[in-house]
Amino acid sequence: MSISTPKIVIIGGGAGGLELATQIGHKLGKKKHADILLIDKNRTHIWKPLLHEVATGSIDPDLDAVVYSAHAAKHHYRFQLGSFCNIDQSNKTITLAPLYDELGHSILPERSVSYDHLVIAVGSVSNDFNTPGIKEHCYFLDSNQQAERFQHSLLDSFTRLHQDDNQQQSLNIAIVGGGATGVELSAELYHVSELLKLYGLTNMSANRLHIHLIEAGPRILPALPERIATSAKRELLKLGVNVREHTQVKEATEQGFITQEDEMINADIMLWAAGIKAPDFIKDLGIFELTRSNQIQVNQFLQSTVDDNIFVLGDCCAFTQADGKQVPPRAQSAHQMAQCIERNLLATLKKQPLHDFEYNDHGSLVNLSRYSTVGNLMGNLTSNSFFIEGKIARFMYLSLYRMHQRAIHGSAKTIALWISEKILRVVRPKMKLH
């Protein structure tokens, strides 16, 4: 490979990072016009909006995940396992932290990676707002590993209840955060509790499941239109979810959450899904202009405000729109940012003018498991939105994942994956039981 070949390094293989690596892999990597390297601390990719289904066992990440190294080989980019921890702007290098196995044995030492153009797409993590006890006692859903830990605890709790002689015992799950993750997880938990009867856990049912959904604000789904929130709340109440709005948590203990009014909300399993931020190490770098949530400030081309050779996309990117509002941290935002950076990387290499980023809100959908789906779609010809629910909304929700698959696999493989999923449903359990 020629020494003059530009090197594009993408840190983070989430929705936006993986889509970008795939697209520029085909446009630049295939013809050796650029050396493209994707770096992620995990070996596999799961679409983040599906993590609540991993947490309940509704999907099996061993079957549904994308293996970066295998994907890279097919799509003309390289993959390297590693955790980004520092940048040297003057020498255009990044530092990857030492890599250890589960027993603490060294796999790789600290190492440096050079770049000509860098894309930071490290995503976001839950923001506990320094609330006492949260880190010690709560589960999070920021990664596939965290979702699987929750699923193992959930399955252990279901097994314990099934084999308990006292049939009056119940499972209390408290979820802090009434955003999409908390709402969708609440509904999915009821769905899987009913599925257990199919697999021998006949003593476990939704009647023995008590879910508390706790939201500090005046309503759940605060980032979405009120009509969606009202419809979602109605469905959750029908299922039996205890929706607690105007309820702020001040502490977590082994027994549950303590509210500002000193009320104890008892829970066997606690999950924190209230607010997000970019990882703290971004702030520790001391390089970028940041928001209060550690998001990196960018210009109109999605370049960081301190270095034109560094692009930013996804949840860790702070892009201010013309109306002064920040682009929301959603999958559709990451997808649109990846498309813009793809165009701007191509323009940079051709020494052409860069393209401004413009966010188009196509609406929002919330999936309440098999019970309902609600949302709004933005009209293409007007600024009005259209409220949808039921089967149409469910179809649109499922199509979002297919669109992501198409972006990283292409149309033919996406169709093949859909067919294989249909076939596998005949032979595999409806939920992960291990």
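**From one loop outwards**

Modeller: F129 is found in the loop between β12 (125-126) and α5 (134-137), where helices (H or I, at least four residues) and strands (E, at least two) are DSSP runs, numbered from the N terminus. The phi of F129 is near 55°, a positive value in a residue other than glycine. Before going on, please keep in mind that this is a predicted model, with local features needing pLDDT of at least 70 and side-chain atom pairs pLDDT 80 or more, while totals for chains, interfaces and linings use all residues. Numbering runs from 1 along each chain as its sequence is written, and side-chain values use heavy atoms, without hydrogens or water.

You will find S369 in the loop between β25 (363-368) and β26 (372-378). With a relative accessibility of 1%, S369 counts as buried (under 20% relative accessible area; exposed is over 50% and partly exposed lies in between, with a 1.4 Å probe and protein chains only).

R330 belongs to another loop, the one between β24 (317-318) and α10. Leaving aside residues up to four places away in sequence, R330 touches A223, L224, D315, Y359, D361, G363 and S364 (contact means heavy atoms within 4.5 Å).

Now for the strands. Six of them form an open sheet in the order β5-β2-β1-β11-β23-β22, and the pairing is mixed; two strands pair if DSSP finds at least two bridges between them. At the edges stand β5 (78-81) and β22 (303-304), each with a single partner strand, so one side of each has no neighbour in the sheet. Further in, β11 (residues 117-120) and β23 (residues 307-312) run parallel and are joined by three bridges. V119 has F311 as its bridge partner in β23.

Helix α1 packs on this sheet, touching β1 (7-11), β2 (35-40) and β11, and its direction makes about 165° with that of β2. (Axes are lines fitted to C-alpha atoms, for helices over the stretch in contact, and angles run from 0 to 180 degrees between N-to-C directions.) Helix α4 lies across β2 and β5, running at about 160° to β5. These two helices also meet each other: the axes of α1 (residues 15-29) and α4 (residues 68-75) come within 9 Å and cross at roughly 25°. On the α1 side the contact is made by L18, A21, T22, G25 and H26, and on the α4 side by Y68, H71, K74 and H75.

Strands β13 (residues 171-176) and β14 run parallel too, with six bridges joining them. In that pair, A174 stands opposite H212 of β14. Strand β14 (residues 209-214) is mostly covered, with five of its six residues buried.

That leaves the charged side chains. A salt bridge is a side-chain nitrogen of Lys or Arg within 4 Å of a carboxyl oxygen of Asp or Glu, and by this rule the count comes to 14. One of them brings together E342 and K27, at 2.4 Å from N to O. E342 lies in α10 (residues 331-349) and K27 in α1, so this pair ties together parts that are 315 residues apart in sequence. E342 is buried at 8% relative accessible area, whereas K27 is partly exposed at 43%.

E235 and K238 meet in another, at 3.5 Å from N to O. Both sit in helix α8 (residues 226-239), three residues apart, which puts about one helical turn between them. Here E235 is buried at 14%, while K238 is exposed at 62%.

Then there is R402 with E421, whose closest N and O atoms are 2.8 Å apart. This pair links distant parts of the chain, 19 residues apart, with R402 in α11 (residues 391-409) and E421 in α12 (residues 411-427). R402 is partly exposed at 23%, and E421 is buried at 18%.
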